[in-house]
Amino acid sequence: MEILKNYINGSWVGSKEQHSVDVVNPATQEVLAKVPYGSNTVADVETAVGAASTALIEWRNMPVMKRVQSLYKLKQLLEDHLDELGRIITLECGKSFAESKAEIQRGIENVETACATPLLMQSEFSENIASGIDEFMIRQPVGVCACIAPFNFPGMIPFWFLPYAIACGNSFILKPSEKVPLTMMKVFELIDQLDLPKGVVNLVHGGKESVDSLLDSPQVKAISFVGSTPVARYIYQRGTANGKRVQAQGGAKNPVLVMPDADMEMTARIIADSVYGCAGQRCLAASNIITVGDKGGIIKDALLEAAKSKTTGFGLDEGIEMGPVITSESKRRIEKLIAKGIDEGANLLLDGRNANISGYEQGNFIKPTILENVALDGEIIKTEIFGPVMSLIHMTKIEEAIDFVNRNQFGNMACLFTSSGLNARTFRNSANAGNIGINIGVAAPMAQFPFSGWNDSFFGDLHGQGRHAIEFFTQTKVVIERWPKEWSRKF
Ligand code: NAD
């Protein structure tokens, strides 16, 4: 099997690295591809950085209205290839076909939003700040930008950054996750059909070595990272120490409060979708469910029913709602955490371990799992599980529950289910999280909003998507000009 190529300077080129790791279908263990992985990927990154630096000269001077024309074409191509892209995502990442197509749709929305860049990066002008003096602020591209992406949304996350970066006049290098490089390989086949100047967008493979090379390259001016918290912290520290602007989105552990006045049936359905969507491999997945006030009897039964109703299997098969987790190692880690929760005193209400999916016996499947009465100081409460596991906790008062939310190491998302406007308002105001849901689970924010995240879920200042992305991918220049009146008489 041939090792995957990089896309550099407008062409598909073989990697300098001979060593590779397998890209594996998590439902079957079939090897789908081999991706370059090792220290020689540094040479690939250097070639890509060189191409991106050269491309910058022409690209940054092209009128922005002309630059975004390629995004209109890209939107069309992505829509035309939606099913094909969806199938690739399901094959390499495991999620259901519907989930795969939905994430491409969210990517397309970012391409559409970035088409507004001519307006979003428009200058600000103040005439006559003093007699004969004008001042204005223009936005210019920052230079070569790079994105390092995680495995769980291979078709969406690069689009939180790529369309904005290039629309603003930057050149771009994408390093997809080595676990799921095939989706972006297809997207770059589509990008190849645009009339972009060579080197404006590039794709390089690899793992830590290629990432470190991007972090250390003096020509790379901005890094957008999404992945686990330890790596996000590392990327932020190394990137900023090298003088780059860095936005690094990390992991999560998301709490959901259920008040006794909530509509329990609706709440249970929404929570189950939030916990088990993408097999729990979402940074916005609900994880710790806190029933406040009553003992949680009604919601417990409704959650159990909703969890049991999820159909688990190979994502391309008809009617499948939940696919496998990404690797066998990930499956073992999640099963160990479930066992740890039981050791810590939890009651296993629903056990998704030892899932046997007929025809897919080798797959990394875990069915929906529910633990109740989980120890508040236990590992399972604090650790990001990134699998289809729900922990049920009971608390007496909303103040106690909000205090629990605000002691979270992470701060990606917090939800409240209630019919009380006052509770909703108190929660919205005081919960320490960057994304809040009231009577709804939180999906990735629409493209016009920043993908917020607090505490250890985010390192940096400006987030991905929308106006934040425009600010991140531009540097401001303030110009003051004086044109004395008396000169008009002179010349
Ligand atoms: P990961 O941190 O293992 O990998 C992410 C990227 O970093 C990959 O491209 C990988 O090759 C690279 N990488 C891994 N280790 C590295 C190292 N030591 N040095 C340099 N680069 C390294 O994350 P993952 O397992 O692919 O993704 C899952 C994680 O991403 C979860 O924690 C999830 O919560 C998080 N996530 C966060 C958001 C968000 O918006 N906050 C969105 C999606 C996923």
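The space taken by the ligand is the largest pocket, where a molecule is said to sit in a pocket if more than half of its atoms lie within 2 Å of the pocket's grid points.

Because the model is predicted, local features need pLDDT of at least 70 and side-chain atom pairs count only at pLDDT 80 or more, while totals for chains, interfaces and linings use all residues. Residues are numbered from 1 along each chain as its sequence is written, and side-chain values use heavy atoms, with hydrogens and water left out.

**The ligand and its shell**

- An oxygen atom of the ligand lies 2.6 Å from an N or O atom in the side chain of Ser228, and an oxygen atom of the ligand is also 2.6 Å from an N or O atom in the side chain of Gln249.
- A nitrogen atom of the ligand is 2.8 Å from a polar backbone atom of Gly250.
- Taken alone, the ligand exposes 850 Å², of which the protein buries 88%; such areas come from the Shrake-Rupley method with a 1.4 Å probe.

**The pockets**

- On a 1 Å grid over the protein atoms alone, a pocket is an open set of points with protein on both sides within 12 Å along at least five of seven lines, a cavity is a set where a 1.4 Å probe fits but cannot get out, and lining residues have an atom within 4 Å of a point.
- The largest pocket has a volume of about 870 Å³, a volume being the space filled by probe spheres set on the points.
- Its lining has 38 residues, of which Phe151, Lys179, Gly227, Ser228 and Val231 lie nearest the centre, and the elements giving two or more residues to this lining are α9, β10, α10 and α13 (328–343).
- The second largest pocket has a volume of about 510 Å³, and among its 24 lining residues the closest to the centre are Glu99, Gly277, Cys278, Arg282 and Ala443.

**The cavities**

- The whole structure contains four cavities of 30 Å³ or more, and the largest cavity has a volume of about 100 Å³.
- Of the 14 residues lining the largest cavity, Gly280, Ala285, Ser287, Ile385 and Phe386 lie nearest its centre.

Terms used: Polar contact = N/O pair within 3.5 Å; in protein donor to acceptor, adjacent residues only side chain to side chain. Helix = DSSP H or I, 4+ residues; strand = E, 2+ residues; numbered from the N terminus.
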